[in-house]
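Please look over the structure below before reading on. The notes that follow are grouped by topic.

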Amino acid sequence: MSTISNLIFNNQKHYVSSPFGARYPISTENGTTGAQHQATDYATYNVKLPQYAIESGYVFEAAKSTDDGALYVWVIYPRVKLAMIHYHLDSYKVKKGQSVSKGTLLGYTGMTGLATGIHLHLGVRNLSKLSDSQVKKMTWNNLTKCT
């Protein structure tokens with residue numbers, strides 16, 4: 001697996017179940033997914049594994065999606081200028097604005113929202129085009145500009 005996913009799962013067993021990019025829509029109990037997958041899915045062999053912060057940063061958002069009911073956490077990592085969304089969580093253990101460090105428990109892998117099994121839907125945004133100040137004081141507008 002990747003270095004990042006190994007840090008997130010603290011080297012516990014997981015595998016890529018759906019890569020980033022085009023795919024066939026998937027029907028779930030809560031609706032149908034889109035044909036463009038905006039993240040990489042990491043399945044955890046049907047186990048609700050803990051997920052951890054990969055380094056120092058802060059929680060930009062920890063909430064329930066109004067679109068599909070999934071629980072999620074956005075973490076901003078200013079030093080490496082990355083934002084990561086942990087989606088489909090069973091539960092989250094952090095709150096908006098909280099500082100995190102490597103190994104901080106973020107939540108547990110789940111299948112909330114449009115999901116057919118327990119997994120992490122991990123989306124990554126490259127924040128390198130933003131200033132240090134914009135990264136430290138993230139807004140939804142700035143986050144949506146990054147890919």
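Two strands pair if DSSP finds at least two bridges between them. Strands (E, at least two residues) and helices (H or I, at least four residues) are DSSP runs, numbered from the N terminus. This is a predicted model, in which local features need pLDDT of at least 70 and side-chain atom pairs count only at pLDDT 80 or more, while totals for chains, interfaces and linings use all residues. Residues are numbered from 1 along each chain as its sequence is written, and side-chain values use heavy atoms, with hydrogens and water left out.

**Strand 8 and its partners**

- Strand 8 and strand 9 run antiparallel and are joined by 6 bridges.
- Y58 stands opposite I76 in strand 9.
- The hairpin of strand 8 and strand 9 has 6 residues between the strands, and G69 takes a positive phi near 85 degrees there.
- Strand 8 also pairs with strand 12 (residues 99-100), in the antiparallel sense and over 2 bridges.
- G57 stands opposite V100 in strand 12.
- Strand 8 is largely enclosed by the rest of the structure, because 7 of its 8 residues are buried. Buried means under 20% relative accessible area, exposed means over 50%, and partly exposed lies in between (1.4 Å probe, protein chains only).

**Nonpolar cores**

- A nonpolar core is a set of buried Ala, Val, Leu, Ile, Met, Phe, Trp, Tyr and Cys residues joined through side-chain atoms within 4.5 Å.
- The largest nonpolar core has 20 residues, of which I8, V73, Y77, M84, V100 and L106 touch the most other members.
- Strand 8 (57-64), strand 9 (71-77), strand 10 (82-89) and strand 14 (119-126) each supply at least two residues of this core.
- Strand 9 gives the most to this core, with 4 residues.
- A second, separate core has 16 residues, including A63, L127, V135 and L143.
- Leaving aside residues up to four places away in sequence, Y77 touches A53, I54, E55, S56, G57, L82, M84 and L106. Contact means heavy atoms within 4.5 Å.

- An open sheet of 3 strands has the order 7-13-11, with antiparallel pairing.
- Strand 7 (50-52) and strand 11 (91-92) are the edge strands, and each pairs on one side only.
- Strand 11 pairs with strand 13 (residues 105-108) in the antiparallel sense over 2 bridges.
- S91 has Y108 in strand 13 as its bridge partner.

**S133**

- S133 lies in helix 2 (residues 132-136).
- S133 is partly exposed, because its relative accessible area is 47%.
- The C-alpha atoms of S133 and P78 are separated by 9.4 Å, and the two residues are 55 residues apart along the chain.
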